[in-house]
Amino acid sequence: MSKPEWQKSACNICYINCGVEMLVEDGRITKVRGDRENPKSQGYICNKAARIPYYARHKDRLTSPLRRRADGGFEEIDWDTAIAEIAVRLRDIVQKHGGKSIALYGGGGQGNHAGGAYANAVLRALGVRSVFNALSQEKTGDFWVNGHMFGSQTCHTAEDIHHCDLLFVIGANPWIAHGFANARDHLNQIRKDPTRKMIVIDPRRTETAEMADLHLPVRPGADAFLLGAILATLVRRDAVDHDFLERHTTGFAEVKAALARIPVAEWAAAADIPLDEIERCVDMIVAARAMTVRVELGIQQGVNSTLNSYLEKLLIMLTGSFGRKGTNQLHSWLQPLWGNSPNQRYAPTDTEIIAGLLPPNLLPQAILNDHPERLRGLWIDSSNPANTVANTAEVEKALSALDLCVVVDVALTETARLAHYVLPAASQYEKTEFTLFNFEFPTNYFHVRAAVAPPLAGTLPEPEIYSRLARALGLLPGDNVLGSLRDAAFKSRTEFATALRAFIGANPQAAPLGALILYHTLGATLPDGTAAAAPLWQAAQTCAKRDPDAVRRALGADRPIPDHELGDALFDAIAGTRSGVAITTHSYEDVWSLVAHPDRKIRLAIPAMLDWLGGLDPAAAAAPKDYPFVLAAGQRRMFNANQIFRDPAWRRDDPDGALLVNARDLEALGAGDGEWIAVRSPAGRVVVRCKADDSMRQGQLALPHGYGQSYPADDGERLTNGPRINALTDSLNRDPIAGTPYHKHVAVRLERLTATEAAAAEARSRRIHGAQAQARS
């Protein structure tokens, strides 16, 4: 038995990725605590992080490659066979239909980004360009707006919440969902400080709304009407920052004219917010010294989602709440998490490509249509679209129609069960990992995490999986070539850089494989087995050239670092620091250097958005009569997380993923608290346990995300753990520009169950609960 030891890593439940320390005993993670040496989170963690051991080892972990049999079941095969067969089938599809007929669906588990560089490397070398992922399920409307306003879709706003005196929260619940570092600590500080205020826009009286000075319980789906009414009131009062607008923006005249046409009283009524509450909201904005706006999926997956993102940015800009201490900012990047792809379209669905990504709502259409470039192959890495994409039935149909579907994951997910091959990956704590979610300003951070526990026998980390695949495809150079580059890396970075440039110059076809080449060469020189972080070397060089002063301030070196050494110094700090490290420290004035327009001015007037705003109809805010309830599909709760947490034993409460419903609505249905009922939409029906919750508006319902996985019960039979909510959602219920789903606005109705169906639901729940109790013991 090995001696118990605390190892440093990061939480993988949300994208803040707080630093943690994990107690590892006999190769297993047993306890988790905050890492006080982490410069961003400084020892802070929330209640969810303590449950990470349930992710690391559970009954569903895979330990052998799987191949689908003709009868639909799976058989275990060895790695060499799996890789060889997959390579042949990939080559066949590319030769017959081209690389455009294959897509990557990747980037699932929070903080699981190291593998993405390697998946992209191999697929790009095959000519694959199409990528679907969770970001394009949530955020691309915001990226589209940023591209127009700031000049690039990689410009992304941050919040200086720590120094604001007014926090304006829209469609978010940071007490539960966080979204910024040390969220609960800072919310408590605002609540206790009489000089600081908070406004919350949310249909539900959330935990964060309970702490607010003003809660505006907007009608579900009417956020654009409320934001428009607030902006129009600011303009009518002439309560805008004219000096800021003149110095830093263009297009205010067009925006002002559009906002002046808004019938504020009608829009307030559509939002179901009294006019005096809108006036009070504007009073608080005007009185604020420094306001920062925090938004999340409540408006980014709500009705009019791209327009909502535009109105949110107008609120920031018209009040001059940008580029000052305590306001919103842009942030630096080590490596952008998404791309910039203005004016690009995807031919099979005639859809705009935003940030280099395609929305998952289009996945079934991209596979099932008859376009000559339709998808025939899909490579899925650390994602579970069969559970997370709208309209589960249509997604399952599409995945089953593919010529080749390969899944790389730690478990036999719902998506993996539909694949032709499943390749078992090491978990996030059994390999080197990092997250590209570095969104902070003025100081931004990056965290490379070494493995804290040994991988399960039979599993491989992604760099090894993709190295084997690249070799089988004849793409990766042999070790005789890589060996000479590796020797240069051990001699000096200068020699390595020179040798690498010479190699790529002589072998341009190898350029897409840069991540794999760096892994097998420079990676051998890195500490603590962190070879997978080698691709960050190029990112560090770029970051140092782009923001040299900010990098120097962040590193705080004892001696001045020459320009030609700065990128290596940054990379060494990133790769060699187990608690994370600051990568840039900006002054507030630096924010203007991050605006991508050549004149560094923000474009306020976006014609498509102003046309959309002018066409809004207040009558559209009402729910349809045949489906009178509005379901928020994918609510964040105290014990739910992303799809990577499959073992239901990790939940301390809400084991069934209950439907939250106002008690008066439940009474009108004739149902009791805790009863099993059905939720029906035009797309499907699910049976759920209901929970009376008067924080919900009447007519509003909520189901959590992170449920719906099948998991072995105590007798070995697989049972579904909680609601599979995307059986209710419709892929056509989506934003017209970005294609993001309106998951926060799903029209449904409620139905009572027969006694037999209710008894069956209760029996299934008890068996899952039995598996939970057994796992905890």
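This note goes through sheets, cores, a pocket and single residues of a predicted model.

1. Four strands make an open sheet in the order 11-10-9-13, and their pairing is parallel. Strand 11 (214-216) and strand 13 (291-295) are at the edges with a single partner strand each, so one side of each has no neighbour in the sheet. On average, neighbouring strands are turned by 15 degrees against each other, direction ignored. Strand 10 (residues 197-201) is joined to strand 11 by 3 bridges, and V200 stands opposite H215 of strand 11.

2. Main nonpolar core. The largest nonpolar core holds 203 residues, and F168, I230, Y310 and W379 have the most contacts inside it. Helix 9 (residues 223-236) supplies the largest share of this core, 10 residues. Setting aside residues up to four places away in sequence, I230 touches F168, I201, L216, I278, C281, V282, I285 and L315. As background, nonpolar side chains tend to be buried together in soluble globular proteins.

3. Second core. A separate core of 26 residues includes Y346, L375, L378 and I380. Two of these names, L375 and L378, return in the next point.

4. L363. This residue lies in helix 16 (residues 363-368). Buried means under 20% relative accessible area; L363 has 1% relative accessibility and therefore counts as buried. Apart from neighbours within four places in sequence, L363 is in contact with Y105, F132, L375, L378 and P385. Between L363 and A390 there are 27 residues of sequence separation, and the C-alpha to C-alpha distance is 9.8 Å.

5. An open sheet of 3 strands has the order 1-2-3 and antiparallel pairing. Strand 1 (5-10) and strand 3 (28-34) are its edge strands, each pairing on one side only. The twist from one strand to the next averages 35 degrees. Strand 1 and strand 2 (residues 19-25) pair over 6 bridges, and E5 is opposite V24 in strand 2.

6. Hairpin of strands 30 and 31. Strand 30 (residues 709-712) and strand 31 (residues 718-721) pair in the antiparallel sense over 4 bridges. P712 has R718 of strand 31 as its bridge partner. The two strands form a hairpin with 5 residues between them, and G716 in the turn has a positive phi of about 95 degrees. In a regular strand the side chains alternate between the two faces of the sheet. Both faces of strand 30 are covered: Q709 and Y711 are buried on one side, S710 and P712 on the other.

7. Second largest pocket. The volume of this pocket is about 570 Å³. It is lined by 23 residues, of which A497, R501, W537, Q541 and K545 are the closest to its centre. Helix 21 (493-506), helix 22 (514-520), helix 23 (536-546) and helix 25 (563-576) are the elements that give two or more residues to the lining. Helix 21 gives the most, with 7 residues.

How values were computed:
Residues are numbered from 1 along each chain as its sequence is written. This is a predicted model: local features need pLDDT of at least 70, side-chain atom pairs count only at pLDDT 80 or more; totals for chains, interfaces and linings use all residues. Side-chain values use heavy atoms; hydrogens and water are left out. Two strands pair if DSSP finds at least two bridges between them. Axes are lines fitted to C-alpha atoms, for helices over the stretch in contact, and angles run from 0 to 180 degrees between N-to-C directions. A nonpolar core is a set of buried Ala, Val, Leu, Ile, Met, Phe, Trp, Tyr and Cys residues joined through side-chain atoms within 4.5 Å. Buried means under 20% relative accessible area, exposed over 50%, partly exposed in between (1.4 Å probe, protein chains only). Contact means heavy atoms within 4.5 Å. On a 1 Å grid over the protein atoms alone, a cavity is a set of points where a 1.4 Å probe fits but cannot get out, and a pocket is an open set with protein on both sides within 12 Å along at least five of seven lines; lining residues have an atom within 4 Å of a point. Grid points are joined across faces, edges and corners, and a volume is the space filled by probe spheres set on the points.
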